[in-house]
Amino acid sequence: MESVSELLDSIDDVGRDARRGGYSRPVYSTAELDLRGWFMEQAQRRGLDVETDRNGAIWAWWGAPPSNADSGGALVTGSHLDSVPGGGAFDGPLGVASALVAVDKMRERGITAGERGTRPLAVTVFPEEEGSRFGVACLGSRLMTGSIDPDRARSLTDADGVTFAEAARKNGLNPEHVGPDPTAMARIGEFVELHVEQGRGQIDLGPADSSKNAIAIGSSILGHGRWKFTVFGQGNHAGTTLMADRADPMVAAARIVLAVQQVAAGRDDARATIGRLQPVPGGTNVIASKVEMWMDVRHPDDAVTASLVTKIHGKAQIAAAEEGCSVTLTEESYSNTVHFDTRLQSTLQDLLPGAPTLATGAGHDAGILAAKVPSAMLFVRNPTGISHSPEEAIERRDADAGADALADVLAGLL
Ligand code: HGY
Ligand code: MN
Ligand code: MN
């Protein structure tokens, strides 16, 4: 039986980003399609029946999928294979690889799914969890659960102006069919996602070489949203335009970036980031005519997040006006704070005695599904506590402990 690390080693070169470092595996890119192929091949090697649904999620079935809603639904586990630009090796793929190894471990223990009174089990891969290409986080699970308007999804565009509808069609989907999938939802009894921890929540609990705290149980996901600023100024020549005659949107944008940091730093537990900024046209000897930039704001209390965004927007308008510019702000996606199903969470605590619980600041497909079906998360310790960066890390023994824990949980729930 291959270990989780050995499985991940087999995709170690897929989507490496020489310029940024780490991995860039946007949805439907060659890299992500290669990973989809890898997953399907691994699932078929395990005798799982593979299908891709109308929204591009891949389902690998152990046992026949439930045929009707009153069957109580299947047990589903999985995660995503797409990445942020320059991301780490584990965000997404760890959950997928661990699910495949958990199937192996359950079989080794003589467990079967979908027969002798057990529920069927599915390993699922959701597309565009990071929203790195089309801008909306968890696009695939949002479409399936009906938490994004299909017309809006179809018209989302990537940096090259390709719409989600075009990308979906190019990859074998009928864009007219993307959207709520009640059949897929009715088949899900419970969803459990294993994920690399993306902060210091576990590594700060004790030494990295002790097995204690290697696995944690998710309790909640921080509410989080994405907004787009567009700062409009006067494009001009960098050499002929006197400083007093400028309406430079880059200067206004710089002031807004600072305001974002100051507002969030002034509120306990708030986080706000401008991670992406694009001057237009973007020439070295050109005063930009506009600047597009994207903001990520998070806080446990959704009302506080809204108030922070309002405060930031006010400061942005003042900064823009003082620079002779103007600014617009549009919300691109929002996910409320999620508290996972307490019954399921306590079952996991019974199955994994002593495992700490973890409130995560990172969004996940489990957070989207939690609004519709009982969902839970397991986290595997990350010794660097760094994520969305090449420095994201996992100890090999902790990766295997994760698959063992997932197998324990799935066997206990089956
Ligand atoms: O952005 C997030 O929190 C997640 O990693 N997609
Ligand atoms: Mn992730
Ligand atoms: Mn991520």
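User: Over the face of which residue does Arg 25 lie?
Analyst: The model is a predicted one. A charge counts as sitting over a ring if CZ of Arg is within 6 Å of the ring centre and within 35 degrees of the ring normal. Arg 25 is placed 4.1 Å from the ring centre in question, over the face of Tyr 23.

User: At what distance from the ring centre does Arg 276 lie over Trp 294?
Analyst: Arg 276 is another residue positioned over an aromatic face, here that of Trp 294. The distance from the ring centre is 3.7 Å.

User: How many aromatic pairs are found in the whole structure, and is the pair of Trp 59 and Trp 61 stacked or edge-to-face?
Analyst: A search of the whole structure gives five aromatic pairs. For Trp 59 and Trp 61, the ring centres are 5.9 Å apart and the planes meet at 10°. Planes under 30 degrees apart count as stacked. The pair is therefore stacked.

User: Are Trp 59 and Trp 61 buried or exposed?
Analyst: Trp 59 has a relative accessibility of 0%, and Trp 61 has 2%. Buried means under 20% relative accessible area, so Trp 59 is buried and Trp 61 is likewise buried.

User: Which residues form one aromatic cluster with Trp 59 and Trp 61?
Analyst: The two tryptophans, Trp 59 and Trp 61, belong to one aromatic cluster.

User: Which residues supply the protein donors of the manganese ion (ligand 3)?
Analyst: The donor atoms lie 2.0 to 2.8 Å from the manganese ion (ligand 3). Along the chain they follow the spacing D-x38-E-x257-H. Glu 130 is listed with two OE donors, beside an OD donor and an NE2 donor. The residues are Asp 91, Glu 130 and His 388.

User: Is His 388 buried, exposed or partly exposed?
Analyst: Glu 130 is buried at 6% relative accessibility. For His 388 the relative accessible area is 40%. Buried means under 20% and exposed over 50%, so His 388 is partly exposed.

User: Which residue coordinates both the manganese ion (ligand 3) and the manganese ion (ligand 2)?
Analyst: The two manganese ions, ligand 3 and ligand 2, are 3.5 Å apart. The residue that coordinates both is Asp 91.

User: What percentage of the area of ligand 1 does the protein bury?
Analyst: The residues around ligand 1 include Gln 198, Ala 362, Glu 130 and His 388. A polar side-chain atom of Glu 129 lies 3.0 Å from a ligand nitrogen, and one of Arg 298 lies 2.7 Å from a ligand oxygen. A backbone N or O atom of Gly 363 is 2.7 Å from an oxygen atom of ligand 1. Taken alone, ligand 1 exposes 220 Å², and the share buried by the protein is 95%.

Notes: Residues are numbered from 1 along each chain as its sequence is written. Chains are lettered from A and ligands numbered from 1 in the order in which they are written. This is a predicted model: local features need pLDDT of at least 70, side-chain atom pairs count only at pLDDT 80 or more; totals for chains, interfaces and linings use all residues. Side-chain values use heavy atoms; hydrogens and water are left out. Donors are N, O and S atoms within 2.8 Å of the metal (3.2 Å for Na, K and Ca); water is not among the atoms, so sites may look incomplete. Buried means under 20% relative accessible area, exposed over 50%, partly exposed in between (1.4 Å probe, protein chains only). Rings of Phe, Tyr and Trp (its six-membered ring) pair if their centres lie within 6.5 Å; planes under 30 degrees apart count as stacked, over 60 as edge-to-face and the rest as tilted. A residue is near a molecule or strand if one of its heavy atoms lies within 4 Å of it. A polar contact is a pair of N or O atoms within 3.5 Å; within protein, one must be able to donate a hydrogen and the other to accept it, and residues adjacent in sequence count only if both atoms are side-chain atoms. Accessible areas come from the Shrake-Rupley method with a 1.4 Å probe; for residues, only the protein chains shown count as cover.
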